[in-house]
Amino acid sequence: MLDPRSEIYPTIEYRPIQPSDLEVLEKIHLSLFPIRYEREFFLNVVNGNGVISWGAVDTSRSDEGRDELIGFVTTRMIAAKDSEIEDLFRYNNSHKYLTLLYILTLGVVDSYRNLGIASSLVREVIKHAASVSNCRGVYLHVISYNQPAINFYKKMLFKLVRRLPMFYYIRGQHYDSYLFVYYVNGGRTPCSPLLNSHIGLLPPSATFGVASREYIIREIVTSFVVDFRAFLKMLVGKIWSKEEKSIPRWSRCKESTTLLTSQNNNSNNKRIIAAEDSRCHV
């Protein structure tokens with residue numbers, strides 16, 4: 001492992017988590033999180049069964065541990081309609097087909113903290129989410145007392161969208177959860193300023209690097225395109241409605257017999273959190 005007294009920065013590389021990482025992955029999770037994850041979870045991670053993951057390794061190590069995990073992030077792609085923030089995307093007519101990349105776990109071993117590894121892992125997640133055309137964001141839960149994690153995600157420009165009471169149940173006690181979202185591909189909280197999800201958490205004196213500026217500009221353009229398309233659809237809908245009104249009533253009624261009506265289910269399915277479904281982020 002890294003000697004904390006060393007002034008030489010290690011060479012960190014990032015790769016997908018693989019089957020040979022199983023034991024180390026379990027060990028790190030056990031040391032970092034207050035929740036005991038089932039063996040099945042780790043098998044799904046290392047085998048890529050419904051889980052997309054990245055691992056960090058220190059290739060500058062001279063021993064046989066140069067390919068050993070020192071950090072990781074595990075994620076799962078889910079349908080936006082199955083998430084706790086489905087209501088944030090109802091303004092989009094195609095929200096039923098949208099997806100979100102959910103961060104399951106994120107961690108770095110103690111001796112490699114404060115080297116930007118967690119930030120790099122999250123950037124890998126964001127980059128992947130942005131490459132999926134129907135994905136609108138990366139989201140996660142943070143337990144309410146984990147202030148370092150809360151500060152970390154705010155620094156990474158995630159937007160705090162809500163608080164979920166008694167979301168976690170750990171060792172006989174309930175804890176609230178904060179839900180953070182990083183929007184991609186034009187996704188954003190409806191009725192909010194365009195850049196609120198990206199720069200609203202920064203102080204007025206904050207500055208951006210070239211990469212951040214380019215990303216924000218790209219998001220502005222994407223958001224504009226998405227909103228413009230929605231405007232065109234609304235405009236076409238109104239024109240079509242006016243044309244329908246000009247059709248004789250008997251003709252409209254006759255044609256309408258060939259249409260199928262859809263029924264909306266307004267009942268909200270409350271999500272049940274099982275023990276193995278609970279998450280904490282450090």
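The buried residues of helix H2 pack against helix H1 (22–32) and strands E2, E3 and E4, where contact means heavy atoms within 4.5 Å and buried means under 20% relative accessible area, exposed over 50% and partly exposed in between, with a 1.4 Å probe and protein chains only. The model is a predicted one, in which local features need pLDDT of at least 70 and side-chain atom pairs count only at pLDDT 80 or more, while totals for chains, interfaces and linings use all residues. Residues are numbered from 1 along each chain as its sequence is written, and side-chain values use heavy atoms, with hydrogens and water left out.

Helix H2 spans residues 39–47, and its buried residues are Phe41, Phe42, Val45 and Val46. Seen down the axis of H2, these buried residues fall within an arc of 125°, so they line one face of the helix; the arc is that of the directions from the helix axis to the C-beta atoms. After H2 comes glycine 48, with a positive phi near 65°.

Helices (H or I, at least four residues) and strands (E, at least two) are DSSP runs numbered from the N terminus. The protein chain has 7 helices and 7 strands, in the order β-α-α-β-β-β-α-β-α-β-β-α-α-α from the N terminus on. Of its 282 residues, 41% are buried, and among contacts between residues at least 6 apart in sequence, 70% join residues at least 24 apart.

The 7 strands of an open sheet follow the order E1-E2-E3-E4-E5-E7-E6, with mixed pairing; two strands pair if DSSP finds at least two bridges between them. Strands E1 (12–15) and E6 (159–170) stand at the edges with a single partner strand each, so one side of each is left without a neighbour in the sheet. Neighbouring strands of this sheet are turned by 25° against each other on average, direction ignored. Strands E6 and E7 (residues 173–183) run antiparallel and are joined by 8 bridges, and arginine 162 has leucine 179 in E7 as its bridge partner. Helix H3 (residues 117–131) lies across E1, E2, E3, E4, E5 and E7, running at about 165° to E4; axes are lines fitted to C-alpha atoms, for helices over the stretch in contact, and angles run from 0 to 180 degrees between N-to-C directions.

Serine 53 is found in strand E2 and counts as buried at 9% relative accessibility. Leaving aside neighbours within four places in sequence, serine 53 is in contact with Pro16, Ile17, Val45, Val73 and Thr74.

A nonpolar core is a set of buried Ala, Val, Leu, Ile, Met, Phe, Trp, Tyr and Cys residues joined through side-chain atoms within 4.5 Å. The largest one has 66 residues, of which Val138, Tyr153 and Phe158 touch the most other members. Strand E4 (residues 99–108) provides the largest share of this core, 7 residues.

Rings of Phe, Tyr and Trp (its six-membered ring) pair if their centres lie within 6.5 Å, with planes under 30 degrees apart counted as stacked, over 60 as edge-to-face and the rest as tilted.

| Pair | Centre to centre | Angle between planes | Geometry |
|---|---|---|---|
| Phenylalanine 41 and phenylalanine 42 | 5.3 Å | 70° | edge-to-face |
| Tyrosine 145 and tyrosine 175 | 5.2 Å | 75° | edge-to-face |

Tyrosine 145 lies in the loop between E5 and helix H4 (147–155) and tyrosine 175 in strand E7, so the pair ties together parts that are 30 residues apart in sequence. Phenylalanine 41 is buried at 13% relative accessibility, and phenylalanine 42 is buried with a relative accessible area of 3%. One aromatic cluster is formed by Phe33, Tyr37, Phe41, Phe42 and Phe72.
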